[in-house]
Amino acid sequence: MPEVHNYFIHDLLDSLPLAVFCKDYSTAPGVFVYWNKSSEEVFGFERSSIIGKTDFDLFAKEEAEFFMQKDLETIESGKTIFIESEPISRANDVLRILRTWKVPLVSNNKKYLLGITQDITEQKDLEKKLEDEQQRRLQDAKLISLGEMAGGIAHEINNPLAVINGYINNLSKMSGKKLLEPQKMDVILDKMSDTVQRITKITTSLRILSRDESQVECKSENLLTIVQETMDVCSNRFKSNNIELFVDISPEVKVQCMHVSLGQVFINLLNNAHDALSELDQREKWVKIFLKNTKNGVKIIIEDSGKGIEKKIVEKLFDPFFTTKEVGKGTGIGLSLSKSLIEKQGGRLYYNPESENTQFIIELKK
Ligand SMILES: Nc1ncnc2c1ncn2[C@@H]1O[C@H](COP(=O)(O)OP(=O)(O)OP(=O)(O)O)[C@@H](O)[C@H]1O
Ligand SMILES: [Mg+2]
């Protein structure tokens with residue numbers, strides 16, 4: 001290699017798009033002995049004002065202490081330390097996010113700390129924007145599916161309301177004809193009261209199922225109760241499409257779960273079965289929910305009378321935003337959201353390709 005002059009190395013380091021600096025650590029805190037051009041930009045201090053100074057002359061006390069601690073760690077371990085991202089208040093400027101390698105350097109028997117820093121503020125901003133955008137899309141999708149669900153709920157409540165309306169008509173006809181006998185009235189009032197209770201049950205379950213559970217831990221919950229709550233909010237819709245619902249779960253079975261999240265997963269799976277069966281011409285339309293015991297938990301099997309799902313669709317079932325439904329009907333988040341909800345509860349959710357009828361399986365611990 002031809003001889004390389006000092007000025008060449010100097011220009012070379014100055015042209016790097018990374019801040020490079022060096023501190024003499026004969027004693028702590030280290031004294032700056034080198035500061036390249038990019039360091040001026042990244043940290044906001046001129047080279048001429050740096051040399052001979054320490055971090056304590058330039059940065060806030062806590063920051064300077066943190067730098068010194070990392071420097072000493074590096075020098076004592078003799079190994080390079082990588083600081084993935086750290087916020088730093090630049091001179092007269094807003095906070096910057098920096099990524100730094102600290103390298104132990106021994107030259108002429110003297111200990112130095114070599115620092116290489118990249119300003120990743122813009123990159124982090126971009127990542128944050130992308131994350132926000134994804135959150136927004138997910139939120140939009142949730143709202144759309146909430147809108148769809150609201151349609152279903154309206155149906156659930158409209159049916160019993162129509163029943164009450166029928167009884168009111170009966171009562172007013174009877175009253176017009178002066179036929180209001182106390183006994184007949186009692187029967188009608190009982191029926192009305194039952195129907196009102198049915199609506200109350202639907203709205204109560206709905207309130208439970210829409211609770212925010214992001215801060216909740218798993219605990220032992222009665223499985224049948226959760227399944228019944230989900231039935232409350234969708235059984236009318238199944239009935240009016242002639243889809244039968246069978247549940248075979250013993251009342252004593254308990255699983256480790258988050259009550260609301262598990263209910264939301266059942267709703268998603270039941271809605272999917274409902275949509276699939278509504279499209280089918282076959283006469284036999286049913287959904288069954290039943291259990292199989294596993295070594296330390298249960299398999300909850302949600303099976304519908306569909307004949308399974310095409311292989312090329314199965315591969316994408318759990319992808320976010322994958323849907324085969326027409327625009328405005330499906331958002332494609334039901335299954336991906338359900339999968340992550342179940343995994344958060346230490347379980348698994350998957351499609352069973354071995355089954356003759358369409359089967360989704362939830363595994364949870366007991
Ligand atoms: N039981 C089922 N039978 C047949 N196909 C199903 C069944 N469950 C899901 N699928 C298919 O999987 C796709 C994705 O389901 P997913 O629940 O994620 O979204 P979606 O139902 O289309 O929309 P969303 O649930 O967000 O309203 C569905 O569009 C459908 O093609
Ligand atoms: Mg769905």
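These are my notebook entries on a predicted model of one chain with a ligand.

**Ground rules.** Since this is a predicted model, I take local features only at pLDDT of at least 70 and side-chain atom pairs only at pLDDT 80 or more, while totals for chains, interfaces and linings use all residues. Residues are numbered from 1 along each chain as its sequence is written, and chains are lettered from A and ligands numbered from 1 in the order in which they are written.

**Domains.** Domain 1 covers 6-119 and domain 2 covers 129-365; the bounds come from an automatic or database domain assignment. Their C-alpha centres are 59 Å apart.

**Ligand 1.** Which residues come nearest to ligand 1? I noted Asn272, Thr323, Gly330, Gly334 and Leu335, out of 23 residues around the ligand. Here a residue is near if its C-beta atom, placed from the backbone, lies within 6 Å of the molecule. By class I have eight nonpolar, twelve polar and three charged residues in the shell. For those classes, Ala, Val, Leu, Ile, Met, Phe, Trp, Tyr, Cys and Pro count as nonpolar, Asp, Glu, Lys and Arg as charged, and the others, Gly among them, as polar.

I then sorted the shell by element, where helices (H or I, at least four residues) and strands (E, at least two) are DSSP runs numbered from the N terminus. At least two shell residues come from each of α5 (121-176), α8 (259-279) and α10 (334-344). Helix α8 gives the most, with four residues.

Buried means 20 or more other C-beta atoms within 10 Å of a residue's own, exposed means 12 or fewer, and partly exposed is in between, with C-beta atoms placed from the backbone.

Leu269 touches Ile302, Ser338 and Phe360, leaving out residues up to four places away in sequence; contact means C-beta atoms, placed from the backbone, within 7 Å. Ser338 is in α10, where Gly334, Leu335, Leu337, Lys339, Leu341 and Ile342 are buried as well. Just after α10, Gly346 takes a positive phi of about 75°.

**Strand pairing.** I count two strands as paired if DSSP finds at least two bridges between them. Strand β7 (residues 244-248) runs parallel to β9 over five bridges, and Asp248 has Phe290 in β9 as its bridge partner. On to β10: β9 pairs with β10 in the antiparallel sense over seven bridges, and the two are joined by a hairpin through three residues. Leu291 is bridged to Ile300 there. One of the bridge pairs is Leu349 with Ile362.

I put Leu13 down as partly exposed because it has 18 C-beta neighbours inside 10 Å.

Most residues other than glycine have a negative phi, and most peptide bonds are trans. I therefore looked for exceptions to this. The bond from Ala28 to Pro29 is cis, with omega near -5°, and Pro29 is in the loop between β1 (19-24) and β2 (31-35). Asn108 has phi near 55° and Asn109 about 65°. Asn108 sits in the loop between β4 (95-107) and β5 (110-119), and Asn109 is found in the loop between β4 and β5 too. I logged Asn108 as exposed, with 5 other C-beta atoms within 10 Å, and Asn109 as exposed, with 6.

Technical notes. Two residues are in contact if their C-beta atoms, placed from the backbone, lie within 7 Å.
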